[in-house]
Each structure stands twice: as C-alpha cells, then as structure tokens.
Amino acid sequence: MAEAIGGEHMFIEKTLVFPAITRTTTTSLPLTFLDLPFAGPKYVERQFFYQFPHPTNYFCQTTLPSLKHSLSLTLQHFFPLVGNLHCPPPPHKPFIQCTQNDALTFTVIESSADFNHLSTNHHPKSLKDFSHLVPKLTQKIDFDDNDTLIFSLLTLQVSIFPNHGLCIAVTYCHVMDDYFCNHFMKSWSFIHKKGELIDMKSLPCFDRQILRDSKGLEDILLKGYFEQRKMWKNSFLVQSQTTEEEHQDYVKTTIVFTKEEIEEMKIWILNKWNTNHHDIKAPKFISKFVITCGFVWATIVKTINRNNDDKEDEKDEYFCFVGDCRERLGYPIPEGYFGNCLTLCVATLKRKDMKGEYGFLNAAKAIQNTIEDMKKDPLKDAEEWDAMFKKVFMSGAHLLVSGSPKFNVYETDFEFGNPIKVEMMMHSSKDMSLAESGDKKGGLEVGLIFKREEIQHLYSFIEQGLRALKF
C-alpha cells in the first residue's frame, strides 16, 4: 500500500530479492590488500534516468515483476552482493560474508518531482532534489561480536515518475569498484531485456588469490585501515551521511564538453607544450581524461581563488584520481574480477602555476606525468598512500575525480532505451564526476558541486577558457 514519505513522494514497497538459486552454505571472502583503502562506510551512488511514459499502476503490474525476476537471476551469479562487509576490531581483518538468509533490499517509490528538471543538463540542481531517489545502505554494530561493524554491500531503488519516466538508483560499498558495479548493472539490464543468462565470459570472478601482494603491502595498508576504523563507530552513533554542503545552498551542475571542444583543447595543449621550452616533449597521445580533467581542475582553482592574494597562491593544489591496474600488474586479471584493482594517484601543482595564462597546460602536464609514472609501476608509492591522502585532505585544496568514460554507463538498457541521464551523486564541493556524454557523441560529462552564488563565476571562467583556445 502506498504511503507518503516526505513531501508528496509515495512509498510503494520495500522487498527482499533473493538470488534465484538458494545457497545452503555461508560464503566468506577476505578483502585483498587493494580493497583495504576502500573498506568501510565509503559509498558510491548512481542514478539512471529513463523515459517511461506510463502510469504507476502500469509499471507495478508489468515492469516491476520482471525487474525483480531478472534481478534475482542476476544475483545467482553475483551472490556475494547480497551479503555484508564485516569489520571486526583489530587485529582481525575485514571480510565479506554471505549466508543463505541474505537478500538484496529493493525499494520502489512514486516521485512527484519534476522528471525533466532532474534528467537534463540544462541547469544546476539542488542536492536536496536527489535525496529521495538515493537508497541508503544499512549499517550496524554487532555488540555481541566485540563491536564488529557491519555494512551491507548493495541496495537498489526504483522511483517512478508517473507518465514521464523512472529512475533506477544503486548505492554500493566501495569494496567493489566502479568497474565491477558497471559489470553488475550491465548484466542485470541484459538479462531483463533479453530474458537470457549472461555470456559465460562475463561471469564474475570471486577468486581471492588473483591479486599477488609481491611487495608485502597488506600489513602497511591494514594499519591504515585500522586507523580509519577508529572514526567509524562515532559516525554509526550519529547515523547520518548528511554533509555540510547539503545543509547549505550548494548545487550540482553538469558541464558537457563536446568532441569538438575536447579536440580544440588537445590541439592547444600540444601546440603550447612544444613551444614553451618544456623539458619533456609532448606525448604522442594524450587522452580525453587528461585534457578534460586538466581544463576543469585549472578552471575550478581560478574560480575559487579569483580574489586571493599572492601569499595564498604559494599553496599546493592536488588532483586525486584512481588508476585502473587490471592490465598493469604483469599478470592477467579476469574481466569479471570482483574487488578493487585500483591505484591511488595525486597530481600536485602550486596554485600560482594554475591561475596564469598557462594554468590549463600546467594542470594537464601534471596529470599526464602522474599517469605516466603510474603506468611504469602502479604500486610504487602504495606504502605512502595513507600519509599522502591525510596530507591532501587536510589541505582542503584538492579535487577528487570519480567515474570514467570507459564504463559506457549510457549503454545500460533495461528495454526502456538508453538512459537519458546518468548521475553520480557527490556530497562535497571537492568532488568531480566524469562520464561519457549521453547526447554528444564523443563528448564528456563533468559533474561538479558549487555554491549557488558562485556557479555563474564557474560558468564564466569555463567560457573564457574555451574562447582562449581559439586564439
């Protein structure tokens, strides 16, 4: 039975979806050394918006049963996702546990929000506009088991906008990376659309022996994990994921860079790189990631620090991102590997070097050089990850990028056609999301959070930067 849930939104149902094949045993999966930096209450939230010009009753009678059935079929292959992350106190290591009684929470609501407003890139949106669409993961403390902290791994919600569209939203714990979640969502959409099981080649791999800790990093990363764990219990007691940005007037904006604009950026970068007495020659290939991230990073620094004095400009700025290690460790990693296979990367520049005429060039060069170093030895500085990120986040002068155009999230078709908008939710103005463009072939979408009163300054600096490429 439907009931109101804040504003005019209506709760329709919350059910548990079990894997199609019931397992009779408990499965425990230890975390690998590369999972440890991401363990705990670290969540990723993504929403897929689809055109769906039908009333709620039609959705509930026709589409909802098939969504749950195909999800059940998918979960028989991805069964650990219905389980929980267990984080016992030191010296015990965290692990994922899945029992025969575990299932995935699946919530359905009817939303009275403006679907067109939420599913376009034409204007900034308040963070509060999305809050009712985002499913929350459960977390608890098992006091009978020495205060073990327990996190569910995955939860799903479908929000129906009557006669307009629907939103399929996923929230997941980062003990699996974006690559694997994308694998899961594509598998579910394929089974729902085709009514067939996924190809054997794309089945998930849960083998914990795949990754080789040849440098003995686990003990070092485990120490950092235990330090982080000390702070989690307090957050449990507060039971709030609300951030400062959500209490203030912050907005989410999506900047779309076309293929032509990115090509103009690339030509400008390569020309300037080769004519400004740089010690290192321009690379033969420079990616859309480097070009777009360099432009956005420099633009944000210029926007935020437009009124700073010279003394402030001596400070460091940091650009943080993860690098995919799947093809860089010297041994094969299965396509469907479950877990994190990521390295942490930080590009650093003086603020003054980002605010001048060549701020974009310097930013792109710093990111490019960081990537080149990572490719040579992906885990070179892993011993310093914990100390490095403490320094970066304490500085407050950082930008952290999530997502990747490689995931092709706009190809996640549940039979409603491709999504018209895919959002990766962020909760800090220090975050940036990146995806391929849904409506500009070859383009990229960049998601940012800014104070409402500063958003026009950001747009102005972006326009100035793009115009400067033409001269």
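## Close-up views of a predicted model

**View 1. Helix α10 and its packing partners.** Helix α10 (residues 359–376) has 18 residues and reaches 26 Å from its first C-alpha to its last, close to the 26 Å expected at 1.5 Å a residue. The expected span of a helix is 1.5 Å times one less than its number of residues. This is a predicted model, in which local features need pLDDT of at least 70 and side-chain atom pairs count only at pLDDT 80 or more, while totals for chains, interfaces and linings use all residues. Residues are numbered from 1 along each chain as its sequence is written, and side-chain values use heavy atoms, with hydrogens and water left out. Helices (H or I, at least four residues) and strands (E, at least two) are DSSP runs, numbered from the N terminus. The buried residues of α10 include Phe360, Leu361, Ile367, Ile371 and Met374. Buried means under 20% relative accessible area, exposed over 50%, and partly exposed in between (1.4 Å probe, protein chains only). The buried residues of α10 pack against α7, α8, β14 (316–324), β15 (342–350) and α9 (352–355). Contact means heavy atoms within 4.5 Å.

**View 2. The crossing of α7 and α8.** Helix α7 (residues 259–275) packs on helix α8 (residues 288–304) at an angle of about 85 degrees. Their axes are 10 Å apart. Axes are lines fitted to C-alpha atoms, for helices over the stretch in contact, and angles run from 0 to 180 degrees between N-to-C directions. The angle makes α7 roughly perpendicular to α8, a term for 65 to 115 degrees (under 35 is roughly parallel, over 145 roughly antiparallel, the rest oblique). From α7, the contact uses Ile262, Met265, Lys266 and Ile269. From α8, Lys288, Ile291, Thr292 and Phe295 take part. By class, this contact of α7 with α8 has five nonpolar, one polar and two charged residues. Ala, Val, Leu, Ile, Met, Phe, Trp, Tyr, Cys and Pro count as nonpolar, Asp, Glu, Lys and Arg as charged, and the others, Gly among them, as polar.

**View 3. Helix α4.** Helix α4 (residues 218–229) has 12 residues. At 1.5 Å a residue they should span 16 Å, and the end C-alpha atoms are 16 Å apart, which agrees. Among the buried residues of α4 are Leu221, Leu222, Tyr225 and Phe226.

**View 4. The open five-stranded sheet.** The strand order is β3-β6-β5-β10-β9, with antiparallel pairing. β3 (27–30) and β9 (139–142) stand at the edges, each with a single partner strand, so one side of each is left without a neighbour in the sheet. Neighbouring strands of this sheet are turned by 25 degrees against each other on average, direction ignored. Two strands pair if DSSP finds at least two bridges between them. β3 and β6 (residues 95–98) pair over four bridges. Here leucine 29 stands opposite isoleucine 96 in β6.

View 5. β5 pairs with β6 over three antiparallel bridges. In β6, leucine 85 has isoleucine 96 as its bridge partner. β5 and β10 pair in the antiparallel sense over four bridges. Cysteine 87 stands opposite leucine 149 in β10.

View 6. Most residues other than glycine have a negative phi, and most peptide bonds are trans. A cis peptide bond joins proline 90 and proline 91, with omega about 10 degrees. Proline 91 sits in the loop between β5 (84–87) and β6. Asparagine 146 has a positive phi, near 55 degrees. Its loop runs between β9 and β10 (148–152). Asparagine 146 is exposed, at 58% relative accessibility. Asparagine 163 also has a positive phi, near 65 degrees. Asparagine 163 lies in the loop between β11 (154–161) and β12 (165–173). With a relative accessible area of 46%, asparagine 163 is partly exposed.

View 7. Serine 433 is found in strand β18 (residues 431–436). Serine 433 is buried, at 8% relative accessibility. Leaving aside neighbours within four places in sequence, its contacts include Lys252, Ser402, Met424 and Glu445. Serine 404 is in the loop between β16 (398–402) and β17 (421–425). Serine 404 is buried, with a relative accessible area of 14%. Neighbours within four places in sequence aside, serine 404 is in contact with Leu434 and Ala435.
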